Amino acid sequence: MANNLLVVIGAGRLGEGAMASASRRLAEAFGATLIEQASGAAPHPCLQQITSRLSGGSSEPTLLRVSGDVAVDECGEGSWLEALACWHVPVLMLAEPRKDGRFAGIVPASVALARSLHVELLGLVQLGGSWSRSARRADGLPWCGCLQGPDDDLCGLISCLRSRWAQVAREEGPDRA
């Protein structure tokens with residue numbers, strides 16, 4: 001596992017513009033290099049290339065945004081979600097609320113699938129809409145915060161993510177590959 005790699009994926013269908021914009025903001029806030037990849041590319045060679053570059057001495061954080069449906073095996077070599085679990089790479093999911101402020105069933109289903117595959121899921125970030133802390137707590141999902149809405153809290157979100165990312169790195173330790 002590369003301790004300085006974070007992968008950003010969508011829970012369900014996300015607007016490309018919203019996901020790209022959120023990923024750029026997150027990369028800037030972390031001081032990370034942003035790499036963008038489509039879910040149709042073979043995940044293992046891509047992850048091998050990135051982790052090889054990162055293990056070559058670079059301590060700079062890297063944020064990899066994978067657009068598209070990461071749960072579908074589009075290349076015949078397994079899905080991105082399966083590969084992310086195999087590689088023990090920390091993952092952040094982005095989710096957009098419906099017009100009524102609630103989330104489609106694909107969001108908890110995506111979290112459940114990630115957990116069943118043992119993906120290192122740092123949490124979920126709400127893209128747009130009004131943030132309701134009590135409603136998100138009632139969801140029982142690992143929410144980190146909100147971006148691109150009236151309740152956007154980049155500092156709080158980054159603090160939450162840094163804490164969860166550090167926890168995952170401590171749990172992984174240097175001996176786990």
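Analyst: The model is predicted. The count of salt bridges comes to six. One of them joins the side chains of Arg 25 and Asp 152, at 2.5 Å from N to O. Arg 25 belongs to helix H1, while Asp 152 sits in the loop between strand E6 (143-147) and helix H6 (154-172), so the pair ties together parts 127 residues apart in sequence. Arg 25 is partly exposed, with a relative accessible area of 27%, and Asp 152 is also partly exposed, at 28%. Elsewhere in H1, Ala 18, Met 19, Ala 20, Ala 22, Ser 23, Leu 26, Ala 27 and Phe 30 are buried. Just after the helix, Gly 31 has a positive phi of about 65°.

Arg 136 is buried because its relative accessible area of 7% is under 20%, whereas Asp 139 is partly exposed at 33%. Salt bridges with shared partners also join Glu 16, Glu 36 and Arg 65 into one network.

Asp 100 and Arg 102 form a further salt bridge, at 3.1 Å from N to O. Here Asp 100 is partly exposed at 47% and Arg 102 is exposed at 52%.

Finally, the surface carries a patch of negative charge made up of Asp 69, Asp 73, Glu 74, Glu 77 and Glu 82. Of these, Asp 73 is in the loop between strand E3 (62-67) and helix H3 (80-87), and Asp 73 is partly exposed, with a relative accessible area of 37%.

Technical notes:
Residues are numbered from 1 along each chain as its sequence is written. This is a predicted model: local features need pLDDT of at least 70, side-chain atom pairs count only at pLDDT 80 or more; totals for chains, interfaces and linings use all residues. Side-chain values use heavy atoms; hydrogens and water are left out. Buried means under 20% relative accessible area, exposed over 50%, partly exposed in between (1.4 Å probe, protein chains only). Helices (H or I, at least four residues) and strands (E, at least two) are DSSP runs, numbered from the N terminus. Patches are made of residues with over 30% relative accessible area and no salt bridge: like charges are joined within 9 Å, nonpolar side chains (Val, Leu, Ile, Met, Phe, Trp, Tyr) within 5 Å. Accessible areas come from the Shrake-Rupley method with a 1.4 Å probe; for residues, only the protein chains shown count as cover. A salt bridge is a side-chain nitrogen of Lys or Arg within 4 Å of a carboxyl oxygen of Asp or Glu. Lys and Arg count as positive and Asp and Glu as negative; His and the chain ends are not counted. The place of a charge is taken as NZ of Lys, CZ of Arg, CG of Asp or CD of Glu.
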